[in-house]
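Welcome, and please take a moment to turn the model around before reading on.

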Amino acid sequence: MLKVGDTLPQFEGTNQDGETVNSEKLLGKKLVIFFYPQANTPTCTVETCNLSDNYSQLEKAGFQLLGISGDSVKKQKNFHNKFAFPYDLIADENRNIIEKFGVWQEKKTFGKTYMGIVRTTFIFDEKGICTRVIEKVTSKTAAEQILNG
């Protein structure tokens, strides 16, 4: 998994509108990239809505946000439209970005072991250097975790 001091990996992803998002164009502002397991699921919805509800505070603190999951563009579009998120959601179906960040890991739920996205938030400075990794994301207070870090 990416750690503090690492450089933002170069990547291109497709957002909910089918537009290409290039990591190099995200430099210059503080950046929050949050990975979530699946669009429109209860815990992921709580997290993304918490970030959306607190977006103006995050923006005031100088952050830009980007959410990434392995969902299709269509699923991301439906999720984005349903809640009118003020930030992009990237569809990473082939897991290129997910694997560059190291969040595709073994998980356990109800005794079952499987591979999946580990809910993780990465914070980068204006130059693209990772300044924080939040591995224990609390969905209900995700924005607070970022702001009070």
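Of the 149 residues of the chain, what percentage count as buried? The figure is 46%, where buried means under 20% relative accessible area, exposed means over 50%, and partly exposed lies in between, using a 1.4 Å probe and protein chains only. Before going further, a word on the ground rules: this is a predicted model, in which local features need pLDDT of at least 70 and side-chain atom pairs count only at pLDDT 80 or more, while totals for chains, interfaces and linings use all residues. Residues are numbered from 1 along each chain as its sequence is written, and side-chain values use heavy atoms, with hydrogens and water left out.

Let us begin with the overall layout. The chain has 5 helices and 9 strands, taken as DSSP runs (H or I of at least four residues for helices, E of at least two for strands) and numbered from the N terminus. In sequence order they give the pattern β-β-β-α-α-β-α-β-α-β-β-β-β-α. The radius of gyration of the chain is 14 Å, close to the 15 Å of the globule rule for 149 residues, so the chain is as compact as a globular protein of that length. Here the radius is taken over C-alpha atoms, and the rule is 2.2 Å times the number of residues to the power 0.38. The C-alpha trace spans about 40 × 35 × 30 Å along its principal axes. As for contacts, meaning heavy atoms within 4.5 Å, 62% of those between residues at least 6 apart in sequence join residues at least 24 apart. The accessible surface of the chain is about 7,700 Å², with 47% of it belonging to carbon and sulfur atoms; this comes from the Shrake-Rupley method with a 1.4 Å probe, and for residues only the protein chains shown count as cover.

Which residues of helix 3 are buried? In this helix (residues 73-83) they are Q76, F79 and H80. These residues lie on the same side of helix 3 because they cover an arc of only 95 degrees around the axis, the arc being that of the directions from the helix axis to the C-beta atoms. They pack against helix 1 (42-53), strand 4 (63-69) and strand 5 (88-91). On the other side of helix 3, K74 and K82 are exposed. Follow the chain out of the helix and you reach A84, in the loop between helix 3 and strand 5. Its phi is near 50 degrees, a positive value in a residue other than glycine, and A84 counts as exposed at 57% relative accessibility.

N40 is not a glycine, yet has a positive phi of about 65 degrees, and it is partly exposed at 35% relative accessible area.

Continue into helix 1 to find L51, which is buried with a relative accessible area of 1%. Beyond its neighbours within four places in sequence, L51 contacts F34, L58, L65, Y87, A142, A143 and I146. One of these, L65, is 14 residues away in sequence and 8.7 Å away in space, C-alpha to C-alpha.

Finally, look at the hairpin. Strand 6 (residues 104-109) and strand 7 (residues 112-117) pair in the antiparallel sense over 6 bridges. Across this pairing, K108 stands opposite T113 and E106 stands opposite M115. The hairpin has 2 residues between its strands, and F110 takes a positive phi near 50 degrees there.

Technical notes. Two strands pair if DSSP finds at least two bridges between them.
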